[in-house]
Amino acid sequence: MPTEPNKEQVVSYGKLTAVWAGLLALTALTVWISRLDLGVNRVWGPLTIAACKGGLIIAFFMHMRYEGRLLRWVLFVALVTLAIFIGVTFFDVLYR
Amino acid sequence: MSQPVHRRDAGAKLGMWLFLATELVLFGGLFLLYAVYLARYPHEFAAAGREMHLVFGTANTVILLTSSLLAAMAVTAIQRDERRTAVFCLGGTILCATVFLCNKYLEWRAEIGLGNYLNSPRLAAGPPGESVFFSLYYLTVGLHGLHVLIGAALLALVAVRVQQRTIHAGNYALLENSALYWHLVDLVWIFIFPLYYLLL
């Protein structure tokens, strides 16, 4: 939907409620799969679902879907920084 | 609506997002500590994790998700100039925050009752990994709880200002940025929940 440059995007109550229902469904799913015996996926399954829930919150509740390039870059740089911290730390810890 | 006001709001929002980026790195550091110690003490972490209360964790997840929905609705309401709805939604968010903290109190009381507190005789006598788990748990969840408290206080201030009509459809940067902060609190909990309550 095209918007005027200086006009704030208004997210309807219906859309927000739909996102909330999705988040609750993902919460139920993550509790359910954590009770199963999945081996390695026992760690990665719930974390993947958590990332999906985080994505929904950032995109809709925090309006990132409707923001310009600048704020998207701020978020992207923060996440990449975090990924580098985690990657480099494990590179050290796992190969000591 | 004049141009400069909008530009100032955009600047305020950019500042808020830069602050949220630092918060992500702050909590990310704590999650990284958790991951490193999980790799070092998998069995001790599993034993300690089994003592966590899944019911409290799940209930608090649902409460925070609902509070986030209400905060997002408050932003929509103020954009549509529906002042009463905005105040109602903000009140709901603050109520959720209060219930969350009460749950946290009950959960910590139960945990402490089991002898799982910092430097307790039980943890001091047990394997080192379990005391690391509980140290990280109290540090991460305590810092998150502090954020809940600050966020709720901020939203209460915002609700008063909406009521006084100093925040309205033409000027709602404070409400929008406080809601962003609240969503971050929710976002952090979404990762605390699987790490401490589900994985082990």
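# Exercises on a predicted two-chain model

L30(B) sits in helix α1 of chain B. The model is predicted.

**Exercise 1. Classify L30(B) as buried, partly exposed or exposed, and find its contacts outside the local sequence.**

Step 1. Count the neighbours. L30(B) has 19 other C-beta atoms within 10 Å.

Step 2. Apply the cut-off. Burial needs 20 or more, and exposure 12 or fewer. L30(B) is therefore partly exposed.

Step 3. Set aside neighbours within four places in sequence. L30(B) then touches L136(B), L139(B) and T140(B).

Step 4. Check one pair. L30(B) and T140(B) are separated by 110 residues in sequence, yet their C-alpha atoms are 6.6 Å apart.

**Exercise 2. List the buried residues of α4(B) and say what covers them.**

Step 1. Pick out the buried positions. They are A86(B), C89(B), L90(B), T93(B), I94(B), C96(B), A97(B) and F100(B).

Step 2. Find the cover. It includes α3, α6 and α7 of chain B.

**Exercise 3. Describe the overall form of chain A.**

Step 1. Count the elements. Chain A has 3 helices and 0 strands. Along the sequence the pattern reads α-α-α.

Step 2. Compare the radius of gyration with the globule rule. A compact globule of 96 residues would come near 12 Å, but chain A has 18 Å.

Step 3. Take the box along the principal axes. The C-alpha atoms of chain A fill roughly 55 × 30 × 15 Å.

Step 4. Of the 96 residues in chain A, 19% are buried.

**Exercise 4. Determine how α1(A) and α2(A) pack, and which residues make the contact.**

Step 1. Two packed helices are described by the angle between their axes and the distance between the axes.

Step 2. Read the values. The angle between α1(A) and α2(A) is about 170 degrees, and the axes lie 10 Å apart.

Step 3. Classify. Angles over 145 degrees count as roughly antiparallel. α1(A) and α2(A) are therefore roughly antiparallel.

Step 4. Name the partners. α1(A) contributes K15(A), L16(A), V19(A), G22(A), L23(A), L26(A), L29(A), T30(A), I33(A) and S34(A). α2(A) contributes G45(A), P46(A), I49(A), C52(A), K53(A), L56(A), F60(A) and F61(A).

Step 5. Sort by class. The contact has 12 nonpolar, 4 polar and 2 charged residues.

**Exercise 5. Check the span of α2(A) and identify what covers its buried residues.**

Step 1. Helix α2(A), residues 41-61, has 21 residues and should span 30 Å at 1.5 Å a residue. Its end C-alpha atoms are 29 Å apart, so the model agrees.

Step 2. List the buried residues. They are G45(A), P46(A), I49(A), A50(A), K53(A), I57(A), I58(A), F60(A) and F61(A).

Step 3. Find the cover. It includes α1 of chain A together with α3 and α7 of chain B.

**Exercise 6. Which residues of chain B form its side of the contact with chain A, by helix and by class?**

Step 1. Size the contact. 31 residues of chain B are in contact with 36 residues of chain A.

Step 2. Assign helices. α1 (3-40), α3 (54-79) and α7 (173-198) of chain B each supply at least two residues of the side that touches chain A. The largest share, 11 residues, comes from α1(B).

Step 3. Sort by class. This side of chain B divides into 21 nonpolar, 8 polar and 2 charged residues.

**Exercise 7. Are H63(A) and D81(B) buried or exposed?**

Step 1. Recall the background. Most residues other than glycine have a negative phi.

Step 2. Take H63(A). It is not a glycine, but its phi is positive, about 65 degrees. It lies in the loop between α2 and α3 of chain A. H63(A) has 21 C-beta neighbours inside 10 Å, so it counts as buried.

Step 3. Take D81(B). Its phi is also positive, near 65 degrees, in a residue other than glycine. It lies in the loop between α3 and α4 of chain B. D81(B) has 12 C-beta neighbours inside 10 Å, so it counts as exposed.

Definitions and conventions
Residues numbered from 1 in each chain as written. Chains lettered and ligands numbered in written order. Predicted model: local features only at pLDDT ≥ 70, side-chain atom pairs only at ≥ 80, totals over all residues. Contact = placed C-beta atoms within 7 Å. Helix = DSSP H or I, 4+ residues; strand = E, 2+ residues; numbered from the N terminus. Nonpolar A, V, L, I, M, F, W, Y, C, P; charged D, E, K, R; others polar. Expected span 1.5 Å × (residues − 1). Axes fitted to C-alpha atoms, helices over the stretch in contact; angles between N-to-C directions. Parallel < 35°, antiparallel > 145°, perpendicular 65-115°, else oblique. Rg over C-alpha atoms; globule rule 2.2 N^0.38 Å.
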